[in-house]
Amino acid sequence: MLPYERSSLHDCEERFYKKIDPIKVAPAAGSPAYLREFAHIAAIGWTNEDQSVRWLCGGSLIWENFILTAAHCAADDNNVPPDVARMGDINIYSDEDDEFAQQLKIVEIIRHPKHKCRIVCRVES
């Protein structure tokens with residue numbers, strides 16, 4: 001039987017999902033991410049007065065300077081929009097893997113005119 005062949009109506013979990021080890025704390029069902037493996041994934045953050053960044057959202061790079069994210073990422077609890085996006089970094093809380101990381105200023109937040117659950121952020125070129 002091939003891994004994607006159906007044996008019953010209730011075997012989707014066996015065919016498509018890894019068993020998650022609840023003891024491991026890591027992305028992708030406990031498997032660590034490799035450098036540049038998810039370079040299109042962006043951390044979306046808000047810069048504090050002391051220049052530290054609160055990373056509260058994420059998104060996907062869908063074009064060279066556009067990130068698709070969820071609507072609730074358009075503003076924080078104080079209705080302040082995010083101002084920075086970071087790509088190519090496995091651990092945003094460590095400086096050890098910053099060789100390929102890019103941190104860019106968010107210059108515009110574009111809400112989709114017909115859909116209220118997603119927004120697009122444009123970053124500087």
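The model is predicted, so local features need pLDDT of at least 70, side-chain atom pairs count only at pLDDT 80 or more, and totals for chains, interfaces and linings use all residues. Residues are numbered from 1 along each chain as its sequence is written, and side-chain values use heavy atoms, with hydrogens and water left out.

The chain holds 2 helices and 6 strands. Helices (H or I, at least four residues) and strands (E, at least two) are DSSP runs, numbered from the N terminus. Along the sequence the order is α-α-β-β-β-β-β-β.

The chain has 125 residues, and 27% of them count as buried. Buried means under 20% relative accessible area, exposed over 50%, and partly exposed in between (1.4 Å probe, protein chains only).

Side chains of opposite charge can pair when their charged atoms come close. A salt bridge is a side-chain nitrogen of Lys or Arg within 4 Å of a carboxyl oxygen of Asp or Glu. By this rule there are 2 salt bridges.

Asp-76 sits in the loop between β3 (66–70) and β4 (84–87), and Arg-54 sits in strand β2 (residues 53–63), so the pair ties together parts that are 22 residues apart in sequence. Asp-76 is buried, at 13% relative accessibility. Arg-54 is partly exposed, at 33%.

Another salt bridge links Asp-89 with Arg-86. Their closest N and O atoms are 2.6 Å apart. Both Asp-89 and Arg-86 are buried.
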